[in-house]
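Welcome! Below you can look around the structure yourself, and the report that follows walks through a few of its details.

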Amino acid sequence: MATNKTTKVIYWTTTGIIFLFEGVMPALTSHTDLAVEGIRHLGYPDYFRVMLTVFKVAGSLVLILPFMKGNIKEWAYAGLSITMISACVSHWAVDGFGGQTLFPLFVFAILMVSYVYYHKIAD
């Protein structure tokens, strides 16, 4: 089945947004005082911040690199989905329902669009 240009544009746009939000931004900002305090505020130890950053950057790279295919890409989508849902639950449990709770779900929705269009291209 041939893929059309619109399908590829939607896939690469959403995947690029995920790469920026989940790969580039954590890599550049995870060491800042705001990020350190944000993880501490949620009750997580500091090593969790470092581990989460490494996994987010790795997963984002897997999504953006076109030669990564199959199960490894599926695992990256699954891992990033778990981080988004976990972020929503963590913020809701600590701070209640608000913008910090909804933003991870917004990023999750973009991730799901990327996932759907990945399968449209890959099939």
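A polar atom in the side chain of Arg49 sits 2.7 Å from the backbone oxygen of Ser30. That is a polar contact (N or O atoms within 3.5 Å; within protein, one must be able to donate a hydrogen and the other to accept it, and residues adjacent in sequence count only if both atoms are side-chain atoms). The model is a predicted one, where local features need pLDDT of at least 70, side-chain atom pairs count only at pLDDT 80 or more, and totals for chains, interfaces and linings use all residues. Residues are numbered from 1 along each chain as its sequence is written, and side-chain values use heavy atoms, leaving out hydrogens and water.

Arg49 belongs to helix 3, residues 46-64; helices here are DSSP runs (H or I, at least four residues), numbered from the N terminus. Is Arg49 buried or exposed? Its relative accessibility is 12%, so Arg49 counts as buried (buried is under 20% relative accessible area, exposed over 50%, partly exposed in between, with a 1.4 Å probe and protein chains only). Leaving aside residues up to four places away in sequence, Arg49 touches Ser30, His31, Ala35, Val36 and Ile39, where contact means heavy atoms within 4.5 Å.

Now for two helix pairs. Axes are lines fitted to C-alpha atoms, for helices over the stretch in contact, and angles run from 0 to 180 degrees between N-to-C directions.

| Helix pair | Angle | Axis separation |
|---|---|---|
| Helix 1 (residues 5-29) and helix 3 | about 155° | 8 Å |
| Helix 4 (residues 71-95) and helix 5 (residues 99-122) | about 165° | 8 Å |

The angle makes helix 1 roughly antiparallel to helix 3, a label for angles over 145 degrees. Among the residues making this contact are Tyr11, Trp12 and Phe19 of helix 1 and Val57, Leu61 and Ile64 of helix 3. By class, the contact of helix 1 with helix 3 has ten nonpolar, five polar and two charged residues. Here Ala, Val, Leu, Ile, Met, Phe, Trp, Tyr, Cys and Pro count as nonpolar, Asp, Glu, Lys and Arg as charged, and the others, Gly among them, as polar.

Helix 4 and helix 5 pack at about 165°, which makes helix 4 roughly antiparallel to helix 5. Their contact includes Tyr77, Met84 and Trp92 of helix 4, and Phe108, Leu111 and Tyr115 of helix 5. By class, 15 nonpolar, six polar and two charged residues take part.

Finally, Gly70 lies in the loop between helix 3 and helix 4. Gly70 is partly exposed, with a relative accessible area of 36%.

How values were computed. Helices (H or I, at least four residues) and strands (E, at least two) are DSSP runs, numbered from the N terminus. Angles under 35 degrees count as roughly parallel, over 145 as roughly antiparallel, 65 to 115 as roughly perpendicular and the rest as oblique.
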